[in-house]
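Trainee: Could we go through this one together? I'd like to start with the helix packing and then move on to the strands.

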Amino acid sequence: MPQILNFSAGPAMLPTEVLKHAQSELLDWRGSGMSVLEMSHRGKEYMNIQAEAEADLRELLNIPANYKVLFLQGGASTQFSNIPINLLRGKKTADYLNTGEWSKKAIAEASKYCEVNVVATSEDKNFSYAPTQDQWKLNPDAAYVHYTSNETIGGVEIFWTPDTGDVPLVADMSSHILSRPIDVSKYGLIYAGAQKNIGPAGLTIVIVREDLLGEVLPGMPVMSDYKIHADNDSMYNTPPTYPIYISGLVFKLLKSRGGLAAMEQVNIRKSKLVYDYLDSTDFYHCPTAIENRSRMNIPFMLKNEALDDEFIKEAKAQGLIQLKGHRLLGGMRASIYNAMPEEGVKVLVNFMRNFAVNHA
Ligand SMILES: *Cc1c(COP(=O)(O)O)cnc(C)c1O
């Protein structure tokens, strides 16, 4: 069995160090006689684990004190509805940028609660790029402006921060949070499912400016109210304890590696290895506009689609798994999140090169 390199878009690879650490204390967390899996979320051991995870995340992202960090369940998809429920605050309309499949889902859900103004869309070119802000038609009466800063399926990343003036900016950062530093103070709300670039499935992180909370739509479930979660330190109900613990270990690892500025340099190098190779050959083709090429999710196509199955089969035989592209796009997709070592990306590019030679 070769060493496995997992290019899944999510749930995705986790750092080996973190898994080994978790394994070493799976049965007995630091002499407590309990597994983290067995701990009461109200016990002091677990409360410390969660508080430390939050403190480390705040440090990594340099989160200002007037922002709440929520550890929730329900995935990014639940936030598609929670965002209008919490942020409309008496307004009737919200602005959305449409850059792909996740934007579309967010728009569809928001449309149940308000009028959605699509500020711009890249549907004309099969969502292969992101419209720049000069192309956006912002509505000054919008309750907020929502965008998907990294479209996981199309591999479209937005590297600049939109300027929406006093209208709160909301970002779905599910698939690239923690890949580089961001200026949290530019946002009203940031959310991310953990299973892409943070930790295990089951945890969703919401970072929200305090003053935006407290005006939830009437008649909504209590679990949709961000203020309830904020006021209860994410313990209104049982939080996803084990995913929070594992994510906390990931935060510590990222800190020990020099934080997000250091991660960004690694991610630039890793993604450049793949894109440089793709640009050097016409055996493969990358559909994404150069200025929006995601450092995390890299879709690519074989010019000869008839070789797709053979590519997947040979890759798998060499331990390179989960390279099949999303069904909407076809072709291949390599997701290379923080946990994918640089060496793993080199192995992938070597395999691609050899495959091209052998099937030319
Ligand atoms: C995966 C993903 C989602 C959906 O996440 P769930 O946690 O499965 O609900 C939403 N947005 C983006 C950008 C994603 O990558």
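Trainee: How are H1 and H6 oriented to each other, and why is that the word for it?

Mentor: Bearing in mind that this is a predicted model, helix H1 (residues 16–24) and helix H6 (residues 241–256) pack at an angle of about 130°, with their axes 10 Å apart. Angles over 145 degrees would count as roughly antiparallel and those from 65 to 115 as roughly perpendicular, so H1 and H6 are oblique to each other.

Trainee: And the crossing of H1 and H6, left-handed or right-handed?

Mentor: The crossing of these two helices, H1 and H6, is right-handed.

Trainee: Which residues meet there?

Mentor: From H1 the contact takes in Glu17, Val18, His21 and Ala22, and these meet Tyr242, Tyr245, Ile246, Leu249, Val250 and Leu253 in H6. Sorted by class, that contact has eight nonpolar residues, together with one polar and one charged.

Trainee: Switching to the strands, how many residues of E9 are buried?

Mentor: Five of the five residues in strand E9 (residues 189–193) are buried, which leaves the strand mostly covered. Leu189, Tyr191 and Gly193 point one way from E9, while Ile190 and Ala192 point the other way, and all are buried.

Trainee: What does E9 pair with, then?

Mentor: Strand E8 (residues 169–172) pairs with E9 in the parallel sense over three bridges, whereas E9 and strand E10 (residues 204–209) run antiparallel and are joined by five bridges.

Trainee: Which residues stand opposite Tyr191?

Mentor: Tyr191 in E9 stands opposite Asp172, and Tyr191 also stands opposite Val206 in E10.

Note on methods: Residues are numbered from 1 along each chain as its sequence is written. This is a predicted model: local features need pLDDT of at least 70, side-chain atom pairs count only at pLDDT 80 or more; totals for chains, interfaces and linings use all residues. Side-chain values use heavy atoms; hydrogens and water are left out. Buried means under 20% relative accessible area, exposed over 50%, partly exposed in between (1.4 Å probe, protein chains only). Helices (H or I, at least four residues) and strands (E, at least two) are DSSP runs, numbered from the N terminus. Two strands pair if DSSP finds at least two bridges between them. Axes are lines fitted to C-alpha atoms, for helices over the stretch in contact, and angles run from 0 to 180 degrees between N-to-C directions. Angles under 35 degrees count as roughly parallel, over 145 as roughly antiparallel, 65 to 115 as roughly perpendicular and the rest as oblique. A crossing is left-handed if the near helix is turned anticlockwise from the far one by less than a right angle, and right-handed if clockwise. Contact means heavy atoms within 4.5 Å. Ala, Val, Leu, Ile, Met, Phe, Trp, Tyr, Cys and Pro count as nonpolar, Asp, Glu, Lys and Arg as charged, and the others, Gly among them, as polar.
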